[in-house]
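Please read its points alongside the model.

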Amino acid sequence: MNQEVREKVANLLDEASKLLVDVDSQRSTSTANHSSTGSSQSSASVNNSSRSTRRNGGTSSRSSSASTSSLLGESLQRAQSMLQASSSSGLFRRLNRTERLRASSPYQNNRQSTAQPTKEKVKKAMEFALIGCWPDDEDEPHHLKWDSVIASGMLTLHEDDNEKSIRNAIKESLAAKFPSLGDNDFDFVKVRHKAITILQLGPGTEFNYAVVKKMAGQGLLYVKVKQGYEFLYDSDNESDAALLKIPMEPEIEIVNVDETKAVASACSAVPPCVSTVTVHLTENEDPEPLKTDPNQQESSACTNAVDVLINEIANQRLSEPVEILRFLQKNLVEGRVLDVQDTSNTPEGETNYICVDRHNILASTFSELEAIQNFHITFEVDFIGEMARDLGGPRKEWIRLMNAAMKEKYFDKCLREYLADDYYHVDIMIGIALLQNGQIPTFMPSDVIDSLVSSQIENSCIAKLQQGLNVFGLARIMQKFPILLYLLRHNNQTMSAKMVLKLLAPTFSEEGSSVYLKEKALYALFVKYVRQVASGRREPITLSSLLIFATCAAEEPPLGFTVHPSITFCCGDEEVQHALTMFF
C-alpha cells in the first residue's frame, strides 16, 4: 500500500514538472510573437488583415495559458492533500514535539539511572477501646452503652505487623490496669451504629494491620473481653480494708425481761445507714417503731404523689398536652403565685430566692440550684446589680437566658459526656420552665427528647436528664402520657406582626375626647413601627425583641400570660403631642 502511494506521488510530481516546462515554453513563444508584431507594425507594408491575425493568435495563446494554469493548480492541490494525509496518519507522518525531543536526545541506555530513595517505615498511632463482657440475661444484638467501655489506650503499629504483634501491643498497653489480661483473652469486634458484632475471618486471614485499620476506619479499634472472663477486670477481689467498709444488714433483736417469753430476732429492711439496735423491754411494754431512712420515705412519698397525679389525669381524660401541663402546674407548684396581678397588694407565700449574674448565667444559676431543697416552690430571681423586683417578669427573663445558654453549651454540638453531671441541673431547669410558665425549651434534638421516656439508657447524659425531670416526677408522667413530649419539640411557627399587635392590645381613653384622637394617632405610628420591624427594616431589632421588652419573654408561653400585656397611654395632652413629634 505504501509503495503504491509513493508511485502515485512520483507520477503526480512528474506530471507537475512537465506542465511547468510547457508553461515556460509557451510564455517564451508568446514573448517572441509580441516582438515580431512590433517590428511588423513599424514596416509600412503590413496591412489590416495581418493585424487581425495577430490579435486572434494572442487571444488563443492567453486562453491556453489560463487552462494550463488551472490544471496545474488542481494537480498541485490534489498532491498536497495526499501528502498531508500521509504525514498525519500514514507511515510518513510527522513527529510531534515529544517524539522529536526523544529522537534528538542521547540513547536511553547511556543515561545514568538515579536510584529512588527507599521509604523509611514509620509507626502509625491507633486508638483502641476495651469492652467488658455482656450480661448473661442480655439478648442479641448487643449494643454499645455508656458503661460498656472499661478501658482505652493508644497503639503504635507498623504497616507489616501481624495479629500476634498487635495482640501483644494491646496487652502491654493494659498491663498496668489489668495485669492478668493475656494476648488471647479478647476478641476484635466491629461497632456499627452502636451494634457490636464479632467478625468471622476466612481461612488464611488474620487481624493484621490492614484488617484492623479497615475495622477502625476514622474511629476507634474495639476489642472485647471474651465471654466468661469477667474475673480479669472484676473488682470482687478486694482487700480486707475495703471489705470492712461494706455496710452490713442490721439485725434488730427484741429481748423481753420476762424469761418466760421467747426471744425473737429478725432481719429488717432498714437501709444500711441505720446501725444495729438492741432494745430491752420490760413486761407489758410495746416495742418502739423501727428507724427508717428519711430520703427513702421522701422518695416513696413522691412516687405515691406522682401515681395519684397519673391516675387523676387518666380519670379526667385529659388528652391535650396544654391541658395536662395546666393540671400539673396547678398541683405541683407550691408557694407564692407565679405572676402577681396587683402590684399594690403583693400576696404572701414562700419563694425560692436566688441571685444570678446575667453575664455568667449558667455558672451562677447551677451554683444557686445546688442549695435549693424544694424545687416545687415558686422561684424569685434577683439579677445582681439590678433593682427589679420579681413579680413574674425577671423569672421569665431568667428562664429565657438559661434556655439560650444551655442550648449553645450542651446541645448545639451533640451531648457532651464529659459534662454529664451538668445535665442533671439542665433538666431541672427544663422542669422549672415547663411548670413555672416560662419559655418552653424547644432546643433538644428529637432523639434526645424520645430517650427521656426510654427505659433502656445507653448514655450518661440521658440518665442525668431523666434524674433531673424526676425531681418533679415529670419523667414518669411523660412515660405514661408521651403526648407531653410534643411541648418540647421545635415548631416552625414564626412570630408575625399580627401576633405582636394582638398581644400588646392598646387601652384608649374615652371615645370622643381630644386625647383619644391623639392616642389613636400615636398607636398608628407604633403599628407602622411594628410593620417595619417585621419587614427587617429596623435591624437588629426583631418582633421577639419587642415582646422581650414588654413581657421579658421571647414568645407567648403555652399556658398564656397570667397578666395579659397591654399598651396604656398614661401621659397628658401636651406629652402626647410631644410624643407624636418625637416618635421617629
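1. In helix 9, which spans residues 361-369, the buried residues are I361, L362, S364, T365, F366 and L369. Buried denotes under 20% relative accessible area with a 1.4 Å probe, protein chains only; helices (H or I, at least four residues) and strands (E, at least two) are DSSP runs numbered from the N terminus.

2. This is a predicted model, in which local features need pLDDT of at least 70, side-chain atom pairs count only at pLDDT 80 or more, and totals for chains, interfaces and linings use all residues. Residues are numbered from 1 along each chain as its sequence is written, and side-chain values use heavy atoms, with hydrogens and water left out.

3. The buried residues of helix 9 pack against strand 9 (352-356) and strand 10 (379-383), and also against helix 10 (393-411) and helix 11 (422-435). Contact here means heavy atoms within 4.5 Å.

4. Helix 17 (residues 543-551) has L543, L546, L547 and T551 as its buried residues. Seen down the helix axis, these fall within an arc of 105 degrees, so they line one face of helix 17; the arc is that of the directions from the helix axis to the C-beta atoms.

5. The packing partners of the buried residues of helix 17 are helix 10, helix 15 (497-503) and helix 16 (514-534). After helix 17 comes C552, with a positive phi near 70 degrees.

6. Helix 10 also gives the most to the lining of the largest pocket, contributing four residues.

Notes: Buried means under 20% relative accessible area, exposed over 50%, partly exposed in between (1.4 Å probe, protein chains only).
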